[in-house]
Amino acid sequence: MNGGLAKMTTDMDLPTPLLAVGTDATALPLPSEPVAGETLTSIKSHLDLVLLALESLTGIGSDGILQAAVALDLEMVVSDRVGLWRLRQSNPQRQSAHGRKTLDVEEARALVLMICHLAAAHQSLIRRAVTLLEQMTRQGKDPYRAALLGDYLDRFTNTYHERMKVPEHHTPDHLTHLACKLLVDLLFYSVPQGGRRLWLALFDFSLTLPPGNS
Amino acid sequence: MLTLTRQFHFPSCSLILQGRRALLQGWQRPPRSLQFELRLAPTEPGETELIRIQGSAEQLSQLQQVVQQYLTRSLLAPGGGMAVPLHAAPARVLKVQESVTLTQRGLLTHELTCGPLKTPHTQIELNATQLFDLANALDTYRQAQQTQQLFLPQPLPWRAIAATVALFTTVMAAGIFYWRRTSTPLPVATSPAIESMERETTPVIPPPPVARPTPLPTPQLPPELAGLEQLPVPAGVDVPARPQPPAHSAGQRPVSGERANTGENSTATIAGAETDPSTDAATGPQPTPTVPALPTLQGGTPERASEAPLAMGEATPTLPTEPLRLPASATDRPSLPTRDAIAQLKEIEQYFARQSHPTELPAQGVVYRLTVGRDGSLTRLRPMSAAAAAAVDRVGLPRLGAVFVSPLATPYRQAEVDVQLWPNGQVETRLESLQ
């Protein structure tokens, strides 16, 4: 496992020892195969987008995220606003992403833990939003007609346009679909096993984990 | 075998596990024949029946892996779910699938193919929240299974055990106490607790007086005869045995309290007991005991035993030294009827005096026993002799059921009166009984 992770230095800075990722190394196991560059880009973008969806739904800002870092004893990784901004700037889709290109495993793990901590704290709100989305979809209605969903979608779209480089082929429906997808993802992250789910989903571990770890 | 049940409940999904464990099997070992049942809330708003999926532990583990892989590989993967719409109708399955699969039909619609699982549905459409609850239930089961906390050893119900032991002990103690109390009577005389108790003030009938056994007479020979030589018994003559008193002599014969309670009767009874011929034969000639007059029930100064003119050496039965105290119920009992007790006797005489008596009655007269009812009617008529029976229709007897005297006093229900009619027209009545 360690030899495989040593090859992940192309785009992620891996601290040593690699298994000292956190207090519970088995909860967020590391991949045994090198992660491709495209996957790493997706990971950095995905974590930033999930945080963006969380901010749009719950209204939390940098202060709330930093409080989560303090609660999770992750101050060494995310110490202040600048540190948090630098972490999120690793998303290549950011408009000003040229300032930071790397995200090590410790920082990715910290972001995963903070996302799941905040999602668990707002689980009831997330579930209500997903249930509302299901209801509106089943009835064939526009999700914007529901106040909670409408506010969420508007805030997400606006923030996305503010921070991200919007591809030319992106339509408003595409952003709406992305917001709904991230909303459903947040629901699955809002449980105690959410961190492991997100971690495995990021690295698509199921294909590469050694036997007995899945 | 113990049947163990573990349930995991989530808003739209419940997972129920049932396993059997031998009594001597350790808690750390997994139970045998673990079965599961998943109960999913219906997807459609109008449906009320739960969707049930059953299977074995292996099938449950397989389902858990399928759901986990589906989440991490498809649904939650970065960029996953972007190519599908929000909602899509599930595809129709034309043939039965061999294994459990989960397919994404839309961002909010997922299709679970049950495969070998026991369920009436071959395909189950799950929305996002149902899949979320199902994944949580399966993950919780997996965590409990890995930490060997699926069926935790049940703590012993110490409170119930303590309460049962206390109740059993109390019942046993009460039973032993009751058994001892009923089997061995308490020593009344030596019990300090009873001795210290105050005597009750309610009147108590004293025990009947018991006469002391009459001592046998021991005649003393005069000195001139005592010095003579005693002649031997001639041959062929049996020496009769000295007669022994019966087991209960007259002196030991108990006198019932009822007899001792009334004046005349008790005196007569005691006198009769003293003059019992069997007693006389047993004890031989004895001095006639002098019976003192019984104290009156009402009033009068009772005589003390020491003042009574009785001497124990004279074989005189002892009588109560203090006036008998009767309970209130006994003193209120009506005394035996006398001639003047009821006015009906005089009314009967007056009735027969008004009748015309035939002169051919026998010289000794005729006697009828009349039973008078409570209302003064004749309830029964009995001739006491053949002559009385022959003259029954000539002496002017009242008809049965006819009221011919006044009603009896309140406590009495009937009275038996003997009526003797003489040839000269004289009428005599005797009260035989009064009830």
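Mentor: From strand β10(B), the side chains of B:A415, B:V417, B:V419 and B:L421 point one way, while B:E416, B:D418 and B:Q420 point the other way. Residues on both sides are buried (under 20% relative accessible area with a 1.4 Å probe and protein chains only; exposed is over 50%, partly exposed in between). The strand covers residues 415–421 of chain B, and seven of its seven residues are buried. This is a predicted model, where local features need pLDDT of at least 70 and side-chain atom pairs 80 or more, while totals for chains, interfaces and linings use all residues. Residues are numbered from 1 along each chain as written, chains are lettered from A and ligands numbered from 1 in written order, and side-chain values use heavy atoms without hydrogens or water.

β10(B) has a partner in strand β8 (residues 366–372) of chain B, and the two run antiparallel over seven bridges (strands pair if DSSP finds at least two bridges between them). One bridge sets B:L370 against B:V417 of β10(B). B:V417 belongs to the group that includes B:A415 and B:V419, pointing one way from the strand.

Another partner is strand β11 (residues 427–434) of chain B, again antiparallel and again over seven bridges. Here B:E416 stands opposite B:S433 of β11(B). B:E416 points the other way from B:V417, and both are buried.

Strand β5 (residues 101–104) of chain B runs antiparallel to β6(B) and is joined to it by four bridges, with B:T103 as the bridge partner of B:E111. Four residues link β5(B) to β6(B) in a hairpin. β6(B) also pairs with strand β7 (residues 123–127) of chain B, antiparallel over five bridges, where B:T113 stands opposite B:Q123.

Chain A is built from nine helices and zero strands (helices are DSSP runs of H or I with at least four residues, strands runs of E with at least two, numbered from the N terminus). Of the 214 residues in chain A, 53% are buried. Helix α6 (residues 123–138) of chain A has 16 residues, which at 1.5 Å a residue should span 22 Å, and its end C-alpha atoms are 22 Å apart, in agreement (the expected span is 1.5 Å times one less than the number of residues). Buried residues in α6(A) include A:L125, A:I126, A:V130, A:L133 and A:M136. The charged residues A:R127 and A:E134 are also buried there. Just after α6(A), A:G140 has a positive phi of about 75 degrees.
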